[in-house]
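The following note reviews one protein model, point by point. Please read it beside the sequence and the structure.

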Amino acid sequence: MLKKPRRCGTCTGCCTTHRIPELEKPAGTPCPKLGEKGCSIYGKHPTSCREFKCLWLRGGFEGSQRPDRLGLVCDVAEPKNGVQPMVVRELWEGALESTEAKLFVEYYCSKMILILFNHRVERLGTFGPPEQLARALGER
Ligand code: SF4
Ligand code: SF4
C-alpha cells in the first residue's frame with residue numbers, strides 16, 4: 001500500500017535551523033516571520049522555504065521522529081568522492097542529549113557519514129563508518 005505523503009504539520013524546525021538568504025536570516029535563529037501559529041507570511045514565504053524538504057518530510061526515519069519531536073533537522077550535503085553525507089542540526093539546546101537523539105545518531109553513524117551541528121550552528125564533527133570517512137576524505 002502506498003504511504004501517505006508526510007506534511008510538516010505544526011513543525012517549524014527548519015525555520016530556526018536553516019539560513020534564509022532572502023530574509024538575511026542566519027542559521028540557528030528563529031525566523032522573524034515565525035509566529036505562534038507558524039509562518040506569518042505563508043503563501044508569500046521565500047523560495048528557499050518553499051523548496052526545502054528535510055529528510056523526514058521526504059519520508060525518511062520513523063513518523064514519530066518529526067524534527068520538532070526528535071529535536072533534529074536532517075538533510076543531505078553535497079556528495080564527496082561518491083559519498084553522500086547526512087547533515088544533522090540540533091533544533092534546541094540539549095536536543096542531542098536525549099536518549100532518542102543519541103540512539104538516532106548512533107544508528108545512522110553506523111550506516112553513513114553524519115555531519116553534526118549543535119543548536120549554535122557549531123560543527124561538532126563528521127562521524128561515520130571508517131571506510132566511508134576515508135573515501136569521503138579521498139584517502140581511498
Ligand atoms: S523541519 Fe522538515 S518537517 Fe519541519 S517544517 Fe521543516 S521541512 Fe517541514
Ligand atoms: S519565512 Fe516563514 S517558512 Fe520561511 S523560515 Fe520564516 S517562518 Fe519559516
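Which residues does cysteine 54 touch, not counting residues up to four places away in sequence?

1. Cysteine 54 touches Cys14, Pro67, Val73, Cys74 and Asp75; contact here requires C-beta atoms, placed from the backbone, within 7 Å of each other. This is a predicted model, in which local features need pLDDT of at least 70, side-chain atom pairs count only at pLDDT 80 or more, and totals for chains, interfaces and linings use all residues. Residues are numbered from 1 along each chain as its sequence is written, while chains are lettered from A and ligands numbered from 1 in the order in which they are written.

2. The largest nonpolar core has 17 residues, of which Cys14, Cys54, Trp56, Leu72, Val73, Cys74 and Val88 touch the most other members. Such a core is a set of buried Ala, Val, Leu, Ile, Met, Phe, Trp, Tyr and Cys residues joined through C-beta atoms within 7 Å; buried denotes 20 or more other C-beta atoms within 10 Å of a residue's own, exposed 12 or fewer, and partly exposed the range in between, with C-beta atoms placed from the backbone. The largest share of this core, three residues, is supplied by β3. Helices (H or I, at least four residues) and strands (E, at least two) are DSSP runs, numbered from the N terminus.

3. The protein is divided into domain 1 (11-52) and domain 2 (54-140), with bounds from an automatic or database domain assignment. Their C-alpha centres lie 21 Å apart. Seven residues of domain 1 are in contact with 10 residues of domain 2.

4. Strands β4 (residues 86-90) and β5 (residues 114-117) run parallel and are joined by four bridges; pairing requires at least two bridges found by DSSP. Methionine 86 has leucine 114 in β5 as its bridge partner.

5. Positive phi values deserve a check. Most residues other than glycine have a negative phi. Glutamate 24, not a glycine, has a positive phi of about 55° and is placed in the loop between α1 and β1 (34-35). Glutamate 24 counts as exposed because it has 8 C-beta neighbours inside 10 Å. Phenylalanine 61 has a positive phi of about 65° and is partly exposed, with 18 other C-beta atoms within 10 Å.

Note on methods. Contact = placed C-beta atoms within 7 Å.
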